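Open the model in your viewer and get ready to pick aromatic side chains. The stops below go ring by ring.

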Amino acid sequence: MAKNISFPLVIILFSIVLFLINSSNAMPSFNVQRYGARGDGRTDSTKPFLTAWSLACRSRARAMVYIPRGTYLVTNLVFWGPCKNHITFKIDGTLVAPANYWSIGNSGYWILFAKVNRISVSGGTIDARGSGYWSCRKKGGHCPQGARSISFSWCNNVLLSGLTSLNSQNMHVTVHHSSNVRIQNVRIRAPSGSPNTDGIHVQSSSGVTISGGTIATGDDCIALSQGSRNIWIERVNCGPGHGISIGSLGDYVNEEGVQNVTVTSSVFTKTQNGVRIKTWARPSRGFVRNVVFRNLIMRNVDNPVIIDQNYCPNGRGCPRQSSGVKISGVTFANIKGTSTTPIAMKLDCSRSNHCTGIRLQDIKLTYMRRSSASYCRNVHGRRSGVVIPRNCL
């Protein structure tokens, strides 16, 4: 008769079985160093990155592209899909662009994920070293078009979390023609004088959530362009920069509208604008509707609340015209803080398409410790609660 198996031996055998099961289900990991990447900040590691991506993308199991600690010099990276399964792109190191801005400047993109479904990008730092490009732009010299730092185009089910983006030539993060995108706890930084360096730019995309993080840059912290739908923005620290904007819209006659947008629980510090809707003074079939700006703090902001439907920089292409973009159903609620200009709330709407359904609720914006002023034109709506500056609807 066989002896009974001891309890400790049972535990050991059970642990071995669990280990074998977990090992068989382990996520394949494709470390870029395995394919020749060197984290010395000098060796061009573009090809090893693309090799690791290609292998991960072909994996039938969930796979990881892993960038360990170190500084990796890379030129243009285009990560094409569709892939066979979910990809995790985990960055523990830093990616840097070449010092010569022409190396990436003519492509429009530095790091691009295209036609990828189920992608998670997490951690790490990307530094586009854009100062040389900005200098070229400011001097009005012969410059490339500039590269966006990290972009998602025609992607679905995207998570971008914990990334730090520094010194983009152009926009830091762009989301175009994509759906179900979450951007969490990103840190974006470029000098306040850097041109066109939007923090996050969304266009022709739906189901985008931006939560947490700090954005300090030279243009809009977040810009929602044509075709942005079902957007949720919360707990963002913005400044310096141009604030959070819808627009500019109405650049074209047949343009997608923007709808179902919420911006909440965010802080604006020394920004040019707070929350803004901006449209060209041109004919358009576009629209903005169902927008809520609420629970916001303004700290020394030039224009805390602004609708500008007469945008026409340098008076070119739009003088004496009227914006065709129809703005309706916009709520400004529980917005408090300080304005650096006397007019803290400016609602300047189209003479041919008045703003309708504008709601002002519980607003307190002061100027130099005094009540600020407001300006309204072609606006229809109502107020509730205490509204300072005095309501001009």
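Buried here means under 20% relative accessible area. Keep that cut-off at hand; the model is a predicted one.

Start with Phe293. Its relative accessibility is 1%, so Phe293 counts as buried. Now show both rings. Phe293 and Phe332 are stacked, with centres 5.3 Å apart and 20 degrees between the planes. Colour by strand next. Phe293 belongs to strand S26 (residues 287-301) and Phe332 to strand S28 (residues 326-339). The pair links distant parts of the chain, 39 residues apart.

Zoom out for the tally: the model holds 11 aromatic pairs. Then select Phe113 and Phe152. These rings are stacked as well, at 5.3 Å centre to centre, with 10 degrees between the planes. Phe113 sits in strand S8 (residues 109-114) and Phe152 in strand S11 (residues 148-153), so this pair ties together parts 39 residues apart in sequence. Check burial: Phe113 has a relative accessible area of 0% and is buried. Phe152, at 1%, is buried.

Last, look for charges over rings. Select Trp280 and Arg282. The charged end of Arg282 lies over the Trp280 ring, 3.9 Å from its centre. Move on to Phe287 and Arg289. Here the charged end of Arg289 is over the ring of Phe287, at 3.8 Å from the ring centre.

Conventions:
Residues numbered from 1 in each chain as written. Predicted model: local features only at pLDDT ≥ 70, side-chain atom pairs only at ≥ 80, totals over all residues. Heavy atoms only, no water. Phe/Tyr/Trp six-rings, centres within 6.5 Å; stacked < 30°, edge-to-face > 60°. Helix = DSSP H or I, 4+ residues; strand = E, 2+ residues; numbered from the N terminus. Buried < 20%, exposed > 50% of the residue type's maximum accessible area, 1.4 Å probe, protein only. Lys NZ or Arg CZ within 6 Å of the ring centre and 35° of its normal.
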